[in-house]
Amino acid sequence: MCQTERGDRVKIFIDTAKLEEIKEANSWGIIDGVTTNPSLIKKTVDSLDKNVSIEKYIEQICREVDGPVSLEVKSQGAQKMIEEAKKLYDLFNHVNDNVVIKIPVNTAMEDDQENYEGIKAIKILEERGIPTNATLIMSPNQAWLAAKAGAAYVSPFLGRIDDYIRNNMGLKAGEDFDKESYFDEDLLERIRSEKAREIIKGDIKEDIGRIYLNEGLTSLSAEVKSGVDVVRKIKRIFENYQFKTEIIAASIRNARQAMEVAEIGAEISTIPFDIITQMIKHYKTQEGMKNFTKDIIPEYDALFKK
Ligand code: E4P
């Protein structure tokens with residue numbers, strides 16, 4: 001079967017640094033790449049034998065998959081990130097020619113810090129032939145600028161965007177919602193218009209004022225409706241202007257988000273191992289299996305013993 005018949009224009013990356021997860025999912029024939037970040041590396045190294053060399057471990061990850069392996073830099077200034085990117089590239093790209101460097105789209109941690117260091121680094125690395133994955137993308141505008149600077153990939157963080165929207169509505173993770181729960185943007189839209197209807201009294205100016213300032217709708221309004229919506233908007237912008245940059249839907253927290261970004265046409269989804277596992281499960285499939293197995297008649301069974 002040729003690659004296009006297997007849907008090679010939509011790719012699945014595994015969002016983990018754990019080699020055993022990468023190997024297992026790769027053996028199922030569904031993995032096209034790997035994404036890591038410093039937190040995923042920390043989680044993995046914490047669970048490893050102290051004598052394992054991280055360099056050798058990352059080499060094994062690169063060897064395991066033929067598709068892109070994203071490795072992230074650690075500094076904030078453009079020059080430092082470029083040096084680190086080169087270091088990571090020199091250390092690991094020779095293994096399987098598949099290293100992509102993750103650069104945060106904006107490395108500022110405070111308002112008074114430089115905002116364009118990530119973009120600068122992306123531009124220079126791409127000019128030097130080192131492919132980049134613009135990470136920590138939380139808005140369509142950030143993706144647009146990263147693509148303009150030449151990023152090979154942009155990674156919108158769906159789960160974290162949903163968390164942010166829910167937090168702005170006064171909801172707390174762990175108390176009011178589970179991080180893994182699906183965030184329903186349609187439900188939010190319905191609540192928003194219902195609330196707006198309740199507020200409308202007749203005078204447009206006063207009503208607008210009431211809606212946006214006084215009666216709590218501000219917390220429900222956002223430039224984007226959800227993490228999935230960010231992917232939808234990025235896709236539209238990239239298509240409008242024929243950017244070659246590919247979207248990696250990241251920070252995926254449940255199987256429904258994975259399905260929705262595939263429907264939208266994100267070229268890639270990077271998915272944690274446990275969610276890849278959820279994607280294959282269905283109660284009715286299990287039930288069907290029980291019934292088929294129960295209905296095997298001896299004559300049919302005998303065919304397999306010939
Ligand atoms: C992948 O590129 C990202 O680093 C990852 O998906 C972040 O996921 P999280 O928001 O669940 O930490």
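Author: In this predicted model, the centres of domain 1 and domain 2, taken over C-alpha atoms, are separated by 35 Å. The domain assignment gives domain 1 as two segments, 11-174 and 226-291, while domain 2 covers 184-223. Where the two come into contact, domain 1 contributes eight residues and domain 2 contributes five residues.

The size of an interface is often expressed as the accessible area that is lost when the parts come together. Between domain 1 and domain 2 the buried area is about 550 Å², and carbon and sulfur atoms account for 52% of that area.

Turning to specific interactions, the count between domain 1 and domain 2 comes to one salt bridge. Polar contacts across the interface of domain 1 and domain 2 involve two residue pairs, both at pLDDT 80 or more.

On the side of domain 1 that touches domain 2, the elements that give two or more residues are helix H7 (158-168) and helix H10 (227-240). Of these, H10 gives the most, with three residues. Sorted by class, that side of domain 1 holds two nonpolar, three polar and three charged residues.

Methods:
Residues are numbered from 1 along each chain as its sequence is written. This is a predicted model: local features need pLDDT of at least 70, side-chain atom pairs count only at pLDDT 80 or more; totals for chains, interfaces and linings use all residues. Side-chain values use heavy atoms; hydrogens and water are left out. Domain bounds come from an automatic or database domain assignment. Contact means heavy atoms within 4.5 Å. Buried area is the accessible area (1.4 Å probe) that two parts lose on being put together, summed over both. A salt bridge is a side-chain nitrogen of Lys or Arg within 4 Å of a carboxyl oxygen of Asp or Glu. A polar contact is a pair of N or O atoms within 3.5 Å; within protein, one must be able to donate a hydrogen and the other to accept it, and residues adjacent in sequence count only if both atoms are side-chain atoms. Helices (H or I, at least four residues) and strands (E, at least two) are DSSP runs, numbered from the N terminus. Ala, Val, Leu, Ile, Met, Phe, Trp, Tyr, Cys and Pro count as nonpolar, Asp, Glu, Lys and Arg as charged, and the others, Gly among them, as polar.
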